[in-house]
Amino acid sequence: MALTEADTRAKLIDPALHRRGWTEDLIRREETDRGIDVVDGKPRRRERGRTDYLLQVRVNITAQPIPLGLIEAKRDNEPPDKGLEQAKKYARLNHVPFVFSSNGHLFVEYDHLTGKTSKPQSLEVFPTPSKLRQRYEKRSKVSLEAEEAKPLLVPYPGGEASRRYYQDAAIRAALEKIFQGQKRVLLFLATGSGKTFIAVHLLKKIADAGQLHRALFVCDRDELRSQGLGAFQNVFGADAAEVSTANPQKNARILIATYQTLNVAGEVEDAKFFLENYPENYFSHIIIDECHRSAWGKWSIVLTRNPDAVQIGLTATPRHWEGGVEEERKEDEEITANNLRYFGEPAYEYDMAQGIEDGYLPACEVIRRMTDLDETGVTREDIERLGGKDAITGQPISVADARRYYEAPSFEASIQLPDRVRTWCKDLFEMLLQTGGPHQKTVIFCVRDTHADAVAAEMNNLYAEWCAKEGQNRWEPYAFKCTAAVGGSQYIADLRGSERSHVIATTVDLITTGVDVPILRNVVFFKYVRSPISFQQMMGRGSRIHLPTNKLMFRVYDYTNATRLLGKDFITRPTPPQPPGPPAPPEKIIRVEGFDVHVNPAGTYIVIGKEGKLGMVTVEEYKQSLAEHLVGEAKTLDDFRHQWINVQDRKRLIDALPDDGQGIRLLRELLNRKEYDLFDVLAEIGFGVAPKSRRERVEALHYKHGDWFKGLPKKTANTLLALARQFEKSGTEELENPHVFNVPDVVKAGGLEALKILGDPKKIISETKERLFAA
């Protein structure tokens, strides 16, 4: 009988590794966070995340172990290289150069540097720790005992549990570049993945190794500076200080500053504050947060004035774009290409698709809407028929003052359309009521300040009407403008922290980058977005899990087809600068009312990882893809049922589904199947079986198998029925959770000891599962 992957690892691979000198302290089982399911309206972590099997070396007894290899285990009756492609992906995510796949008898190795795969070899000749270290040092051209490599050996102040696997990988990738003599490093990590944690601990390791003189952390806007200051002071204490125009903080070791404070935010600024306070090569290390801002504007002086400094760029903007037409991508292509030209290829990348797959970032649903007026545009004849007014004075305008034709992207910028604003807000408010109520924290991206004012007013009116109708007390303020023109940064804390006010923020671009609002549930596009970089940043505002408020997914409401920017790849290349043309004369903004505006559904989509990139599929497309993959893995319903009952087989089955099965749980939400186990969701999609809720399955277990229960010892039967009630609450995985035997109802019924009466508890639970999932 073939061994499972877990048994292959435990019974064959581990003993062989031990014989080759890989003691337990050199084998790290790096488990990703577990994804989150919603059960009875409450968040619940899945029983297991992905476990990567890392091989690490330790330079001395106090040093941080350094991962160098990853080994993927497969069943002992499968080819040894079956897991190699999977292992390559996980090795890249963990930033290790040596990749192995084994069936417990033989192993194959992939060398990331040469790109070559070895022939199958016996595990008895598996590389020893000293051999793997020698190979690593040879390619790095630096001994791990050398002074340059010291930061790699510094432990985390909060211990290993304080970091996520990809954060550690990014830090090691950056440190390797630095100790190999490279002064410029680029790191790309998705919004919400903890770039500030990486910045703080990267500098901490360098400082503890005695290699940091003075560091500068540069970010955009005061809100981000405050967030960064808190993170740095948690680790560096008083050594970290906030730069202000009144205090350049020359006595601090870590300086946190904004572009604005340094007088380098735009072309018209003179960098006076920066030049007067910080001489050339004043900083030994500089970290640029959100470095997708073009480094070739005024603020590049921060880098060029410190040529000897180690310069690290952090960005959530990928180097490969998804979507948009050439014209829309042009400026972003140039920014990204110039960043690559200056910093080089990213030392490490971790995108949103991987974050969703790993369970660190929330799932995302996209709801697209289509508006008839946006399709037709507004003509001069429309304005003549309805009458246009000057948006500032309210006086009628001459038709000759209007354009011949206004396309949708000019709406609210050049022509104000109150009927469209009112219709959009009503449509959005109704959808909020359908998906959890009006009190969901939401940000609406608007065209300009006047548009943000109008949207906030309409949302407040709709909310006041709803409260009056439902007899509810109003939360004040409900919708509010949050833009730079009104000092909106002061309201961000209210959006983030207030539980009974500041619910809907209307903004232009104040909340586009970096602002941390984990509680945010909805991102709404009321503005046309041309820049893929801007879209990526705006969408990223929702990409944080927030367990205290049960926020496990977020929605994107797209009224302007902004999500078209999730499309096809392009590779960025530098483009020569173009001379600016003469400034255009200011255009008179007009206001036109009287349009009959209609909004129609344009599809609901699931955001998933496709071929390692972020993409979208419709619910129906995802269901079809699921069905095709499912019947490919399980030919019949009986085969599917058999695989589902076995823990290892079920894991392998789900991993074989599109997006590693990450979209199934979101699909369950969209299909209104929250009361159903994933078994029934998949059985319906793949085999056309009418689904049963978890409660219906437990009830059927009672009456269909009553005779079987009567033949069991009373305490055993009671315990199995108590376990079934736990399944009703939480699904299949709850039956395999060892902590389930600590649940009071299970303990009261007889607990684990009651199952041992019949021998191995696993066998009786497995038989119960077979009966539970019987048709």
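A: Let's begin with Arg-133, which forms a salt bridge with Glu-145, their closest N and O atoms being 3.3 Å apart; a salt bridge here is a side-chain nitrogen of Lys or Arg within 4 Å of a carboxyl oxygen of Asp or Glu. This is a predicted model, so local features need pLDDT of at least 70 and side-chain atom pairs count only at pLDDT 80 or more, while totals for chains, interfaces and linings use all residues. Residues are numbered from 1 along each chain as its sequence is written, and side-chain values use heavy atoms, with hydrogens and water left out.

Q: Which parts of the chain does the pair of Arg-133 and Glu-145 tie together?
A: Arg-133 lies in helix H3 (residues 129–140) and Glu-145 in the loop between H3 and helix H4 (165–179), so the pair ties together parts that are 12 residues apart in sequence. Helices (H or I, at least four residues) and strands (E, at least two) are DSSP runs, numbered from the N terminus.

Q: Is Arg-133 buried or exposed? And Glu-145, buried or exposed?
A: Arg-133 counts as buried at 18% relative accessibility, whereas Glu-145 is exposed, with a relative accessible area of 57%. Buried means under 20% relative accessible area, exposed over 50%, and partly exposed in between, using a 1.4 Å probe and protein chains only.

Q: How many salt bridges turn up in the whole structure?
A: A search of the whole structure finds 43 salt bridges, and some are linked in a network, which includes Glu-109, Asp-111, Arg-135 and Arg-139.

Q: What does Arg-172 pair with?
A: Arg-172 forms a salt bridge with Asp-168, with the closest N and O atoms 3.0 Å apart. The two residues are four apart in helix H4, so about one helical turn separates them. Arg-172 counts as buried at 5% relative accessibility, and Asp-168 counts as buried at 4%.

Q: How many residues of H4 are buried?
A: In H4, 14 of the 15 residues are buried, so the helix is largely enclosed by the rest of the structure. Its length agrees with expectation too, because at 1.5 Å a residue the 15 residues should span 21 Å, and the end C-alpha atoms are 21 Å apart; the expected span is 1.5 Å times one less than the number of residues. H4 is followed by Gly-181, whose phi is positive, near 100°.

Q: What about Glu-365, which residue does it bridge to?
A: Glu-365 forms a salt bridge with Arg-555, the closest N and O atoms being 2.8 Å apart. That pair links distant parts of the chain, with Glu-365 in strand S18 (residues 363–371) and Arg-555 in strand S27 (residues 553–558), 190 residues apart. Glu-365 counts as buried at 5% relative accessibility, and Arg-555 is buried as well, with a relative accessible area of 16%.

Q: Switching to the backbone, where is the cis peptide bond?
A: A cis peptide bond joins Glu-476 and Pro-477, with omega at about -15°, and Pro-477 is found in the loop between helix H14 (449–470) and strand S24 (479–481). Most residues other than glycine have a negative phi, and most peptide bonds are trans.

Q: Which phi value does Lys-141 have, and where is Lys-141?
A: Phi of Lys-141 is near 60°, a positive value in a residue other than glycine. Lys-141 lies in the loop between H3 and H4 and is exposed, with a relative accessible area of 75%.
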